[in-house]
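Please read it alongside the model shown below.

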Amino acid sequence: MGDYFERIVDVEVTGEEAGQLAERMTDWMVAEGLITRELSGDGVYSLTVDKGYVPGPNWARAVADASDPHWLPGPVAVIVGRHYHVGGQGADEAEYAVCPRCGTRTVVIDYPEQFEADEQVWRPFKDAIAAWTETGEGRAPCSTCGASVPVTEWQWDSGFALGALAFDFWGWPPLSTSFRTAFSRQLGHRVAEHTGKF
Ligand SMILES: [Zn+2]
């Protein structure tokens, strides 16, 4: 099941707090026996990191169904730093962005008529995301109400997320609802979840 990932992105932590929180979450997962501190690059294709933590003796506690004896999970990569994350094998852009002030949805990729982003529509978002990645601040204007909205407040489609801390579970059977809830509670923040293939 090598190249398949499930990702949990913390969409609220700041770039400054992300490193410490990553350590705390790693400690928690090690204490629960879900991972060990041993690192491996086997089947890891994450953004910016090429190694993850090897599963621990209790990894099955995190998954919905561990009954397949041949399905052994791969490493868990921890990605610290402000990035945009995309699920699936899809585009590099968000499909749409919803303005939190006026609720207008700006369509970037007009599925099913189009399969590529409208460059002109995406440009201000792209530039604002690049600024946020660099400095922690980035705003894009809403073409409907004119508000200048931080990129971390725009609401994106479920396949696109901005965050300073992400966890890629490589080749794990589907994570259980209770684990995902416990994980988010440990983070103390809202999360976005992606699945996809490398
Ligand atoms: Zn607006």
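**Notes on the predicted model**

1. I begin with a strand pair: strand S5 (residues 96–98) pairs with S9 in the antiparallel sense over 2 bridges, where pairing requires that DSSP finds at least two bridges between the strands. In this pair, Val 98 stands opposite Gln 155 in S9. Strands here are DSSP runs of E with at least two residues, helices are runs of H or I with at least four residues, and both are numbered from the N terminus.

2. The pair belongs to an open sheet of 3 strands, in the order S6-S5-S9, with antiparallel pairing. Strand S6 (105–107) and strand S9 (155–156) stand at the edges with a single partner strand each, so one side of each has no neighbour in the sheet.

3. On the basis of the model: this is a predicted model, in which local features need pLDDT of at least 70 and side-chain atom pairs count only at pLDDT 80 or more, while totals for chains, interfaces and linings use all residues. Residues are numbered from 1 along each chain as its sequence is written.

4. Glu 137 lies in the loop between helix H2 (119–135) and strand S7 (139–141). Is this residue buried or exposed? Glu 137 counts as exposed because it has 11 C-beta neighbours inside 10 Å; the cut-offs are 20 or more other C-beta atoms within 10 Å for buried, 12 or fewer for exposed, and partly exposed in between, with C-beta atoms placed from the backbone.

5. Apart from its neighbours within four places in sequence, Glu 137 is in contact with Ala 131 and Trp 132, a contact being a pair of residues whose C-beta atoms, placed from the backbone, lie within 7 Å. Glu 137 and Val 151 are 14 residues apart in sequence, and their C-alpha atoms are 8.0 Å apart in space.

6. The domain assignment gives domain 1 (4–79 + 163–197) and domain 2 (96–156), with bounds that come from an automatic or database assignment. The C-alpha centres of domain 1 and domain 2 lie 28 Å apart.

7. For the chain as a whole, there are 3 helices and 11 strands, which follow the pattern β-α-β-β-β-β-β-α-β-β-β-β-α-β along the sequence. Buried residues make up 34% of the 198 residues. Among contacts between residues at least 6 apart in sequence, 71% join residues at least 24 apart.

8. The C-alpha atoms of the chain fill a box of roughly 55 × 35 × 30 Å along the principal axes.

Technical notes
Contact = placed C-beta atoms within 7 Å.
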